[in-house]
Amino acid sequence: MKKSLLASTRNEAIDNAMLPDEKLEQMELRKLLRVLFEEMPRAQKAAFIGVYLDGKTPRELAEEWEVTPNAVHRSLRMGMSHLAKFGGKRQLRPYFEKRP
């Protein structure tokens with residue numbers, strides 16, 4: 001998956017505004033997400049990215065994917081279970097506090 005120019009520019013701006021310890025925390029979070037997402041099934045990964053990183057609602061994703069909102073919610077719940085199974089849920093909780 002290619003990064004968009006806007007996303008990489010936004011990330012660089014955020015990175016430049018951070019203190020060194022914040023940058024380290026952000027790098028560790030990215031590394032943890034990469035590892036956890038490698039093993040996550042495709043639908044769960046797509047739901048997480050759509051809701052938590054792209055800021056879409058489950059209803060918007062459902063319309064895009066031509067599925068019910070319940071199917072998106074189910075993918076998000078199963079994704080959380082996946083994270084919990086691999087021990088990432090506690091570490092990631094502050095980043096995923098908002099519930100769709």
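The following questions and answers concern a predicted model of one chain and the terms used to describe it.

User: What kind of model is this, and how are residues numbered and side chains treated?

Analyst: This is a predicted model, in which local features need pLDDT of at least 70 and side-chain atom pairs count only at pLDDT 80 or more, while totals for chains, interfaces and linings use all residues. Residues are numbered from 1 along each chain as its sequence is written, and side-chain values use heavy atoms, with hydrogens and water left out.

User: How many helices and strands does the chain have, and what makes a run count as one?

Analyst: The chain has 6 helices and 0 strands, in the order α-α-α-α-α-α from the N terminus. A helix is a DSSP run of H or I with at least four residues, a strand is a run of E with at least two, and both are numbered from the N terminus.

User: Why are α4 and α5 called roughly perpendicular?

Analyst: The axes of α4 (residues 58-65) and α5 (residues 69-85) come within 8 Å and cross at roughly 115°. Roughly perpendicular covers 65 to 115 degrees (under 35 is roughly parallel, over 145 roughly antiparallel, the rest oblique), so α4 is roughly perpendicular to α5. The axes are lines fitted to C-alpha atoms, for helices over the stretch in contact, and angles run from 0 to 180 degrees between N-to-C directions.

User: Which residues form the contact of α4 with α5?

Analyst: Pro 58, Arg 59, Leu 61, Ala 62 and Trp 65 in α4 meet Pro 69, Val 72, His 73 and Leu 76 in α5. By class, this contact has 7 nonpolar, 1 polar and 1 charged residues. Contact means heavy atoms within 4.5 Å. Ala, Val, Leu, Ile, Met, Phe, Trp, Tyr, Cys and Pro count as nonpolar, Asp, Glu, Lys and Arg as charged, and the others, Gly among them, as polar.

User: What makes α3 and α5 roughly perpendicular, and what classes of residue meet there?

Analyst: The axes of α3 and α5 come within 8 Å and cross at roughly 105°, and the two helices are therefore roughly perpendicular to each other. Among the residues that meet are Ala 47, Phe 48 and Val 51 in α3 and Leu 76, Gly 79 and Leu 83 in α5. The contact has 10 nonpolar, 4 polar and no charged residues.

User: How do you know whether Leu 83 and His 82 are buried or exposed?

Analyst: Buried means under 20% relative accessible area, exposed over 50%, and partly exposed in between (1.4 Å probe, protein chains only). Leu 83 in α5 has 1% and is therefore buried. His 82, also placed in α5, counts as buried because its relative accessibility is 9%. Leaving aside neighbours within four places in sequence, His 82 is in contact with Leu 36, Glu 39, Met 40, Pro 41 and Gln 44.

User: What makes a set of residues a nonpolar core, and which members touch the most others in the largest one?

Analyst: A nonpolar core is a set of buried Ala, Val, Leu, Ile, Met, Phe, Trp, Tyr and Cys residues joined through side-chain atoms within 4.5 Å. The largest has 15 residues, of which Phe 48, Leu 76 and Leu 83 touch the most other members. The elements giving two or more residues to this core are α2 (20-39), α3 (42-53), α4 and α5.

User: Why is Glu 66 called exposed, and what is its phi?

Analyst: Glu 66 lies in the loop between α4 and α5, and counts as exposed because its relative accessibility is 71%. Phi of Glu 66 is near 60°, a positive value in a residue other than glycine. Most residues other than glycine have a negative phi.
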